[in-house]
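Colleague: I have a few minutes before my next run, and I'd like to go through this structure with you. Could you take me through it bit by bit?

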Amino acid sequence: MADACDVSRGTLATWEKGEQSPNAAALAVMAGLGVDVLYVVTGQHANASVQTLAPDERELLDCYGRADDSGRAAIMAVATLAAR
């Protein structure tokens with residue numbers, strides 16, 4: 001990470017300890033690497049949006065949204081079993 005952000009390992013350590021914060025350029029590099037920069041800055045994770053989901057995840061959510069109560073219960077039961 002230090003190499004990617006063009007900073008020393010010591011600087012990276014100060015960020016990790018909360019003694020200093022990365023600048024906007026370093027945050028932009030981190031974002032490009034897939035880092036949740038909102039978490040880096042605030043300690044809170046960014047909310048996932050539909051655009052960040054894979055196509056099959058979006059399809060599953062769409063099906064869940066169109067299902068009635070019994071359909072949603074069935075989807076949740078299958079998902080719970082599949083996750084074990």
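Modeller: Gladly, and please keep in mind that this is a predicted model. A place to begin is T14, where a polar atom of the side chain lies 2.6 Å from the backbone oxygen of T11.

Colleague: Where does T14 lie, and is T14 buried or exposed?

Modeller: T14 lies in helix α1, which covers residues 9–17, and T14 counts as buried because its relative accessibility is 18%, with the cut-off for buried set at under 20%.

Colleague: And which residues does T14 touch, leaving out those up to four places away in sequence?

Modeller: Leaving those out, T14 touches E19 and Q20.

Colleague: Okay, on to α2. Which residues of α2 are buried?

Modeller: The buried residues of α2 are A26, L27 and M30. Seen down the helix axis, these buried residues fall within an arc of 100°, so they line one face of α2.

Colleague: What covers the buried residues of α2, and what is on the other side of that helix?

Modeller: The cover over the buried residues includes α1 and also α3, which is residues 37–42. On the other side of α2, the residues A24, A25, A28 and G32 are exposed.

Colleague: Which residue caps the N-terminal end of α2?

Modeller: That is N23, which has a side-chain oxygen 3.2 Å from the backbone nitrogen of A25. Just after α2, there is also G34, which takes a positive phi of about 95°.

Colleague: Which residue has a positive phi although it is not a glycine?

Modeller: D6 does, with a positive phi of about 60°. Most residues other than glycine have a negative phi. D6 lies in the segment before α1, and D6 counts as exposed because its relative accessible area is 70%, with over 50% being the cut-off.

Colleague: Different topic, then. How many salt bridges does the structure hold?

Modeller: The structure holds 1 salt bridge, in which the side chains of R66 and D62 meet at 3.0 Å, taken from N to O.

Colleague: How many residues apart are R66 and D62 in their helix?

Modeller: They are 4 residues apart in helix α4, which runs over residues 55–66, so about one helical turn separates R66 and D62.

Colleague: Are the two partners buried or exposed?

Modeller: R66 is exposed, with a relative accessible area of 60%, whereas D62 is partly exposed, with a relative accessible area of 41%.

Colleague: While we are in α4, what about E59?

Modeller: E59 also has its place in helix α4, and E59 counts as exposed because its relative accessibility is 52%. The C-alpha atoms of E59 and G32 are separated by 26 Å, and these two residues are 27 apart along the chain.

Colleague: Last one from me: which residues make the nonpolar surface patch?

Modeller: The patch is made by M1, V29 and L33, and it amounts to about 250 Å². Of these residues, V29 lies in helix α2, which covers residues 24–32.

Colleague: Why does V29 count as partly exposed?

Modeller: V29 counts as partly exposed because its relative accessibility is 31%, which falls between the cut-offs of under 20% for buried and over 50% for exposed.

Definitions and conventions: Residues numbered from 1 in each chain as written. Predicted model: local features only at pLDDT ≥ 70, side-chain atom pairs only at ≥ 80, totals over all residues. Heavy atoms only, no water. Patch = residues over 30% accessible without salt bridge, like charges linked within 9 Å, V, L, I, M, F, W, Y side chains within 5 Å. Areas by Shrake-Rupley, 256 points an atom, 1.4 Å probe, with all protein chains shown as cover. Salt bridge = Lys/Arg side-chain N within 4 Å of Asp/Glu carboxyl O. Helix = DSSP H or I, 4+ residues; strand = E, 2+ residues; numbered from the N terminus. Buried < 20%, exposed > 50% of the residue type's maximum accessible area, 1.4 Å probe, protein only. Polar contact = N/O pair within 3.5 Å; in protein donor to acceptor, adjacent residues only side chain to side chain. Contact = heavy atoms within 4.5 Å. Arc of directions from axis to C-beta.
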